[in-house]
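Hi there,

Here is the structure I promised to pass on. Could you open it in your viewer before reading the rest?

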Amino acid sequence: MVVGGPNARTDYHINETEEWFYQHKGDMLLKVVDEGEFKDIPIKEGEMFLLPGNIPHNPVRFANTVGLVVERKRPPASLDRLRWYCADSACRAIVHERAFHCTNLGTQLKPVIEEYYANEDLRTCKICGAVNPTA
């Protein structure tokens, strides 16, 4: 899928298969959680990056940027997940996670994200009590 910026998502997507990123115009930032450690992976214009499966990631796209993301067709039993972490950098616990079988990423993410933003209980960290912002 071709994806342009900017975007303002706060969730981390997790799927069981690899994702291939090619940044056609401008730069992007791929935020990941690797074995519990939060890391930023810059992907510059003209660069490619292969993200292994099961890595929580949040693609940050800036204004006037265009990238290509190639994902494998999901096996029938596979589950994608959207996960939100506590916005308090001293905590970073998982605040909410929703799993679903993905058949169309473009249409299936929006209702899950809207449900999360509309419900303060879902956005409240059970560890430290912080409430994540709505965007």
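Below is what I found, going from the whole chain down to single residues.

First, the ground rules. This is a predicted model, in which local features need pLDDT of at least 70 and side-chain atom pairs count only at pLDDT 80 or more, while totals for chains, interfaces and linings use all residues. Residues are numbered from 1 along each chain as its sequence is written, and side-chain values use heavy atoms, with hydrogens and water left out.

**The chain as a whole**

The chain holds two helices and 10 strands; these are DSSP runs, with H or I over at least four residues for helices and E over at least two for strands, numbered from the N terminus. Read from the N terminus, the order is β-β-β-β-β-β-β-β-β-β-α-α. The radius of gyration is 15 Å, close to the 14 Å from the globule rule for 135 residues, so the chain is as compact as a globular protein of that length. Here the radius is taken over C-alpha atoms, and the rule is 2.2 Å times the number of residues to the power 0.38. Along the principal axes, the C-alpha atoms fill a box of roughly 40 × 35 × 30 Å.

Buried residues account for 39% of the 135 in the chain. Buried means under 20% relative accessible area, exposed over 50%, and partly exposed in between, with a 1.4 Å probe and protein chains only. The accessible surface is about 7,500 Å², and carbon and sulfur atoms own 55% of it; areas come from the Shrake-Rupley method with a 1.4 Å probe, and for residues only the protein chains shown count as cover. Of the contacts (heavy atoms within 4.5 Å) between residues at least 6 apart in sequence, 66% join residues at least 24 apart.

**The open sheet**

Four strands make an open, antiparallel sheet in the order β1-β8-β3-β6; two strands pair if DSSP finds at least two bridges between them. β1 (2–4) and β6 (48–51) are the edge strands with a single partner each, so one side of each has no neighbour in the sheet. From one strand to the next the twist averages 25°, using axes fitted as lines to C-alpha atoms (for helices over the stretch in contact) and angles from 0 to 180 degrees between N-to-C directions. Three bridges hold the antiparallel pairing of β1 with β8 (residues 66–71), and V2 has L68 in β8 as its bridge partner.

β4 (residues 28–34) contains L30. Five of the seven β4 residues are buried, so this strand is largely enclosed by the rest of the structure. L30 itself counts as buried, at 0% relative accessibility. Beyond its neighbours within four places in sequence, L30 contacts several residues, including F21, I43, F49, L51 and P59.

On pairing, β4 runs antiparallel to β5 (residues 37–43) over seven bridges, with I41 in β5 as the bridge partner of L30. β4 is also joined to β7 (residues 57–61) by five bridges, again antiparallel, and M28 stands opposite R61 in β7.

**Two nonpolar cores**

The largest nonpolar core has 15 residues, of which L82, W84, L109, I113 and Y116 touch the most other members. A core here is a set of buried Ala, Val, Leu, Ile, Met, Phe, Trp, Tyr and Cys residues joined through side-chain atoms within 4.5 Å. β9 (80–85), β10 (94–100) and α1 (105–118) each supply at least two of its residues, and α1 gives the most, with six. Y116 has contacts beyond four places in sequence with W84, V95, H96, L122, R123 and N132. A second, separate core of eight residues includes F21, M28, I43 and V69.

**Backbone geometry to check**

Most residues other than glycine have a negative phi, and most peptide bonds are trans. Which residue sits in the turn between β4 and β5 with a positive phi? That is E35, at about 50°, in a hairpin with two residues between the strands; E35 is exposed, with a relative accessible area of 81%. R92, in the loop between β9 and β10, has a positive phi of about 60° and is partly exposed at 26%. The peptide bond from G5 to P6 is cis, with omega near 5°, and P6 lies in the loop between β1 and β2 (12–14).

Best wishes
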